[in-house]
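I opened this notebook to record what I looked up in the model. The entries take the pocket, then the sheet, then a hairpin.

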Amino acid sequence: GTRVVVTGAHLQHGHALFCGFPDDSGSHLAVNASRHGTGGLACISPEIARPVHTALEVSLNGQQYTASGLLYDTLEPAVVAAVSPSCGPTDGATRVNVSGVAVARGSHLLCKLTPAAGELAALSVDGTNTAAGPSLLCDSPHMPIGRANLSVAPNGQQYSQPAPFHYFAPPVVSASSPASGPTDGGTVVVVHGSGLAATGRCDVVCRFGDLLAPGTASDLAGTVTCQAPANAAALGADLPLLVSLNRQQFSAGSALWRYTSPAVLSQVLPRAGPVSGGTLLTVSASSLEGGDDYTCRFVSLGDGASHVINASHSTADDRVLCSSPALDATASGEYNFSVSLNRQDYRPPLPLTMYSVPHLLSASPASGPVAGGARITIAGSHLAGGDNYTCGFGEGPAQLITLATFNLTANLVE
């Protein structure tokens, strides 16, 4: 059923025109030919039982055939087994690898994409053999959103049965949550934008700079979720954050991802505070820069209760500041305290004590000379648990502060 055109010298002569096609017995199968243009012949290839690779000859009188040795292949029908990727954006240019049976052998390799809805004409594009093996490469043409049927023709005429190929609107990334994470990777990133959960997506990935990470699209939220890969060399760098729905063509947009230091916390001051909350904590480490959502976390070693508080970063001295939360009066005890630069990845914790609100009962002596120097002993309840004892004399701007010590045995402040 293939229409074959033969060109050469002196083919304009003759009265009984035939093409002799090779068969599997080594002889020719003769079929009628017709004139093609001013110096060629055209004929329709016959059915042959199995693939043959030998010469095609012609006769101008029905008897003597040429001996040109022009090779003609009869091929088994092309069968598409796999298409990778099996989707692409509507603006086309997806490099599609088609594998299967007899898809990459032939004189005129073509891929044809036809909208499944049948509203537009099919578009054919040239294909090329791959160096890696028996597969065919072709670039998808522009086509509307939806399913298309992809077929291949080794000879530019007879096409295989179709395989599905899905078109989607080109995705656009607008932001991510969080927008930063430590260089050791593992941060779960939710990417926001348009067209990220398009129907027909086939291989979703995120790209952080030059590194790829598998992604999962949410139809309900219209987002893509992925884990940031480790990248120690990118510390402090703002890298483009992109998404691909076919692991080949990536999104538009200007979203950036910043890698921060995973350095451990060095100290938190003060190391204790009352359960009533409001203690301003100052946290230091070798580097706390570059975060996008600073938080402090307080985890009780007693019942495991966790409290997360918004924090701020001081760029002047690279410190994180946060206030301790107000807790239940019975929640005093030891806590693990930590800081996150992105509300997700917390540094290894430091110890912190949350003590019950102190209540003073007596001070002895209750008076002393204005020159100072009187040693005062203070009794009360809930005096234990502090890390920096002081006594305050007076109120407001005129208040005087002196250092104090806690006598654990006597449960007194002196």
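**Largest pocket**

I noted that β1 (3–7) and β7 (71–74) each supply at least two residues of the lining of the largest pocket; strands here are DSSP runs (E, at least two residues), numbered from the N terminus. I record that this is a predicted model, in which local features need pLDDT of at least 70 and side-chain atom pairs count only at pLDDT 80 or more, while totals for chains, interfaces and linings use all residues. Residues are numbered from 1 along each chain as its sequence is written, and side-chain values use heavy atoms, with hydrogens and water left out.

I found that β1 gives the most to this lining, with five residues. A pocket is an open set of points on a 1 Å grid over the protein atoms alone, where a 1.4 Å probe fits, with protein on both sides within 12 Å along at least five of seven lines; lining residues have an atom within 4 Å of a point.

**Nine-stranded sheet**

I traced an open sheet of nine strands with mixed pairing, in the order β17-β24-β22-β19-β20-β21-β18-β16-β23; two strands pair if DSSP finds at least two bridges between them. β17 (180–182) and β23 (252–253) stand at the edges with a single partner strand each, so one side of each lacks a neighbour in the sheet. I saw that β17 runs parallel to β24 (residues 256–260), joined by three bridges. Pro 182 has Thr 260 in β24 as its bridge partner.

**Hairpin**

I followed β28 (residues 295–300) to the antiparallel β29 (residues 306–310), with five bridges between them. Val 299 stands opposite Ser 306 in β29. Five residues lie between the strands of this hairpin, where Gly 304 takes a positive phi near 80°.

Notes: Helix = DSSP H or I, 4+ residues; strand = E, 2+ residues; numbered from the N terminus.
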